[in-house]
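Have a go at each task before you read its solution.

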Amino acid sequence: MTRPLHPGAWWAWALLLATAATRTTNPLLLGLALGVASFVVAGRRTPRGGRAFGFFVRLGAFVLAIRLVFETLFGSPLPGHVLVRLPSVPLPSALAGLRIGGAVTAESLVSAGYGGLQLATLLICLGAANSLASPRRLLRSLPGALYELGVAVTVAMSFAPQLVLAGSRVRRARRLRGKSTSGLRGWVGSALPVLQDGLESSIDLAAAMDSRGFGRRGPSSRTRARAASSALLIGMLAVAAAMYGLLAAGSPALIGLPLLLGGSGIAAAAVLLGGHGVVRTKYRPDAWGAPEWLVVAAGLAAVLGMIGAGRVAPGSLHTGAYPIVAPALPWPAVVGLAMALLPAFLSTKRPASSRRIETGELIGAAR
Amino acid sequence: MIRFDHVSFRYATAEIPTLRDVELEIPDGELVLVIGRTGAGKSTLLRAINGLAPHFTGGTLTGRVSVDGRDTRHNPPRELADVVGYVGQNPLSGFVTDSVEEELAYAMESLGLDPAVMRQRVEETLDLLGLSSLRDRPLVELSSGQQQRVAIGSVLTAGPRVLVLDEPTSALDPPAAEEVLAALTRLVHDLGLTVVLAEHRLERVVQYADRVLQVLPGGAVVDDLPASAMARAPVAPPVVELGRLAGWRPLPLSVRDARRAATSLKERLAGVAAPSPSVGRVGAVVARTRDLVVRYDDVVALAGVDLEVAAGEVVALMGRNGAGKSTLLASLVGLLTPTRGQIAVDGKQPHRLASTQIVRLVGLVPQEPADLFCAESVAEELTADGHGDTARRLLARLAPDVEPATHPRDLSEGQRLAVALALVLAAAPPLLLLDEPTRGLDYPAKSRLVEVLREYARTGTAIVIATHDVELAADVATRTVVLADGEVVADGRTADVVTASPAFAPQVAKILHPLPWLTVSQVRRGLEASAL
């Protein structure tokens with residue numbers, strides 16, 4: 001297989017893996033999930049995706065470290081083996097729940113570490129999604145009715161790095177005039193030119209998009225487009241209300257469920273209606289075939305494995321920290337995660353380079 | 001193809017119209033060059049063609065503009081996208097997607113073309129503009145010449161009959177500019193496209209033009225043949241100036257035509273002593289780098305540069321886009337810390353100095369002069385550093401038409417440069433650095449710049465100019481340094497360096513090859529000497 005997989009498949013896979021990770025704090029299983037994500041990314045990432053993954057890995061490590069530091073300084077410790085006793089700051093009785101410093105137990109550190117590891121795994125799964133298929137490519141696959149939304153997000157995503165570049169340029173230029181670049185004055189002084197710069201380049205972009213036919217009024221009537229967007233809004237509101245009804249304890253699920261179904265029905269109809277009259281077409285749309293279904297299934301296997309593990313060996317998904325015990329290794333979860341590795345082998349890598357064959361080579365080969 | 005019927009245009013905030021009573025008819029398949037002073041209204045004229053003016057810019061347009069029979073009054077730019085392709089001044093800021101192939105397809109997607117047609121047109125356009133090896137590359141990683149070609153391709157795929165380009169080669173180094181112009185002429189010849197382009201660098205484009213539209217300061221537009229427009233123009237590219245000096249008829253517009261006419265001139269000049277190198281008195285060394293290495297992450301921008309710049313010298317720093325010119329300037333002014341090696345300006349290391357000390361030692365006019373501005377008006381800007389009087393005097397010389405009350409951001413490119421230069425020069429630093437100073441400058445502004453630079457060099461300022469403008473280098477530089485991949489590949493007298501490389505040779509040197517004459521004024525002096 002030489003074509004790249006549909007970006008939606010990769011995102012679904014990575015998000016399913018993340019969902020599996022939310023169901024456990026077992027460090028062995030989280031470690032396995034991390035291994036799966038890294039292995040697949042190593043084999044299948046897009047040419048520039050490695051950077052995104054690296055960023056998310058660092059972010060995950062940072063989150064874990066912060067979690068441990070906070071636990072050490074402010075956490076209310078689980079009783080147990082005291083590792084170190086920090087000088088503690090006495091607080092007034094009104095703040096009885098708080099503490100600063102004091103005894104640090106191995107148990108509380110381990111417990112915080114499990115929580116931090118879970119959060120880091122979620123972030124790294126998101127990083128995997130980013131490096132396997134760029135979010136821009138995902139946006140391209142949005143249905144026609146959501147096209148404007150997709151463009152807005154795309155433009156915003158390219159605007160942020162531009163702003164950072166302009167910022168560093170302007171700060172350098174301020175140094176050239178002997179102005180300070182630090183402190184509040186420095187920031188305010190360079191913020192204005194940066195924003196002006198950003199505004200100018202956005203106007204350039206808008207002019208370029210307009211000249212290239214963005215927003216052409218096709219045969220679709222304006223009333224129809226309006227009807228579609230209002231229907232989408234109503235549907236989304238209904239879904240949001242339904243979610244609240246379903247998740248908030250105390251409200252009857254009987255109201256929530258029909259609202260959810262009705263709301264998503266309206267939203268889907270709006271997307272169809274809006275997409276129908278859209279003039280624009282898609283260049284080389286990403287195909288969705290059997291390999292994509294397999295990739296999604298592999299992600300789903302990880303989630304099902306976790307659920308299965310919960311049934312087969314209750315308690316194995318959450319390793320207790322008091323007392324500290326060796327984490328269990330429930331077989332359904334391991335099998336599920338192993339199946340999530342499938343996308344790394346499922347399809348061949350993309351061709352390393354699409355080298356053109358020169359005429360001379362053909363002649364040479366013919367001889 | 002394009003008709004302007006008594007067209008006048010006035011911006012909402014302006015008191016006088018930018019275009020006045022323009023009457024034009026551009027037939028199918030012509031390459032039309034729009035010239036005029038900085039801020040004269042060239043861009044407005046171009047934008048009126050696809051309806052960006054007034055639909056996008058605001059303002060009032062009276063009269064009628066029609067393209068291929070479609071009136072821009074009733075058709076906003078998006079509805080004209082299949083007839084007119086418009087490429088703005090900065091291609092990078094107009095990109096919507098992030099890879100070459102998707103960018104080429106974007107306009108067609110908006111037009112709702114059939115996927116099979118899209119696929120075919122993308123392939124054709126990739127071949128036509130020589131982009132096929134770059135199809136998967138991210139747009140930000142391309143060189144400026146490649147970006148410009150992608151921008152052209154991205155409007156071309158919509159299948160327009162007219163291509164409108166605003167300064168397509170101004171920011172490009174000579175080889176990249178030639179790539180873009182070659183692509184454009186091919187479009188005119190092979191596809192019969194009508195191309196309308198505005199450009200300050202006449203020396204690059206006038207030879208390809210079928211007609212010249214001159215936008216006059218009052219807003220009137222004069223339509224002329226290139227040769228007669230050049231014969232009348234007060235300031236023209238060197239090839240034309242030389243032709244006028246030598247009295248050639250018909251006036252040659254290209255180096256090749258001029259070379260064929262130059263036989264007798266060469267004979268006359270052969271007997272004259274070659275122009276003495278324009279090196280003035282060179283004083284003590286002001287700046288020195290030793291084995292300077294600068295790296296950004298994994299990219300080596302400068303790989304061991306040894307350079308000395310002395311007081312009174314004007315050094316032209318040349319080389320491809322991305323060769324390390326801007327990095328060298330930034331290190332000399334202490335914005336970058338060298339990875340290895342040493343920099344000394346006046347015996348001090350610039351990256352160790354506080355910004356207030358640096359200002360008195362080195363002045364840099366950056367590529368985007370507007371970055372230097374921090375005030376609300378030009379007048380405030382000039383007094384902000386405490387050299388108000390000097391700065392005002394300098395600005396009056398460089399750009400006499402700048403209103404002190406104007407917001408710096410509202411100035412034209414050339415005026416911005418003049419204000420930035422006045423600010424930097426007013427501090428009288430012993431080392432002056434200019435990064436690409438002639439982008440967007442017309443010939444009169446350029447000659448005023450040259451005059452001021454010469455004067456400062458005479459009083460002992462060391463000047464380094466990073467530039468693609470070979471004519472500027474030939475005119476003002478005493479020494480030329482060529483960088484390639486972060487290394488110095490040539491360093492010597494301007495006359496020797498620029499004549500050695502076809503890419504960097506000024507037009508006069510190409511015409512009079514192998515004689516070592518670089519500029520029209522040198523030839524004029526030589527002829528006067530031989531007549532005596």
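## Exercise 1: A mixed sheet in chain B

Task: In what order do the 6 strands of the open sheet with mixed pairing in chain B lie?

Solution. Step 1: the order in this open sheet of chain B is 6-7-8-3-9-10, and its pairing is mixed. Strands here (E, at least two residues) and helices (H or I, at least four residues) are DSSP runs, numbered from the N terminus, and two strands pair if DSSP finds at least two bridges between them.

Step 1: look at the edges, where strand 6 (84-87) and strand 10 (221-224) of chain B each pair on one side only. From one strand to the next, the twist averages 15 degrees.

Step 2: go to strand 3 (residues 31-36) of chain B, which runs parallel to strand 9 (residues 211-215) of chain B, with 5 bridges joining them. Across this pair, Val32(B) stands opposite Arg211(B).

Before going on, a word on the model: it is predicted, so local features need pLDDT of at least 70 and side-chain atom pairs count only at pLDDT 80 or more, while totals for chains, interfaces and linings use all residues. Residues are numbered from 1 along each chain as its sequence is written, and chains are lettered from A and ligands numbered from 1 in the order in which they are written.

## Exercise 2: The largest core

Task: Which residues have the most contacts inside the largest nonpolar core?

Solution. Step 1: recall the terms. A nonpolar core is a set of buried Ala, Val, Leu, Ile, Met, Phe, Trp, Tyr and Cys residues joined through C-beta atoms within 7 Å. A residue is buried if 20 or more other C-beta atoms, placed from the backbone, lie within 10 Å of its own, exposed if 12 or fewer, and partly exposed in between.

Step 1: the largest such core has 190 residues, and Val34(B) and Ala422(B) have the most contacts inside it. Helix 16 (residues 413-426) of chain B gives the most to this core, with 10 residues.

Step 2: list the partners of Ala422(B). Beyond its neighbours within four places in sequence, Ala422(B) is in contact (C-beta atoms, placed from the backbone, within 7 Å) with Leu382(B), Ala391(B), Leu394(B), Leu395(B) and Leu398(B).

## Exercise 3: A loop residue in chain A

Solution. Step 1: find Thr46(A) in the loop between helix 2 (27-44) and helix 3 (49-74) of chain A.

Step 1: count its surroundings: Thr46(A) has 18 other C-beta atoms within 10 Å, so it is partly exposed.

Step 2: Ser131(A) is 85 residues from Thr46(A) in sequence, yet the two are 6.2 Å apart in space, C-alpha to C-alpha. Leaving aside neighbours within four places in sequence, the contacts of Thr46(A) are Ser131(A), Leu132(A), Ala133(A) and Ser134(A).

Notes: Contact = placed C-beta atoms within 7 Å. Axes fitted to C-alpha atoms, helices over the stretch in contact; angles between N-to-C directions.
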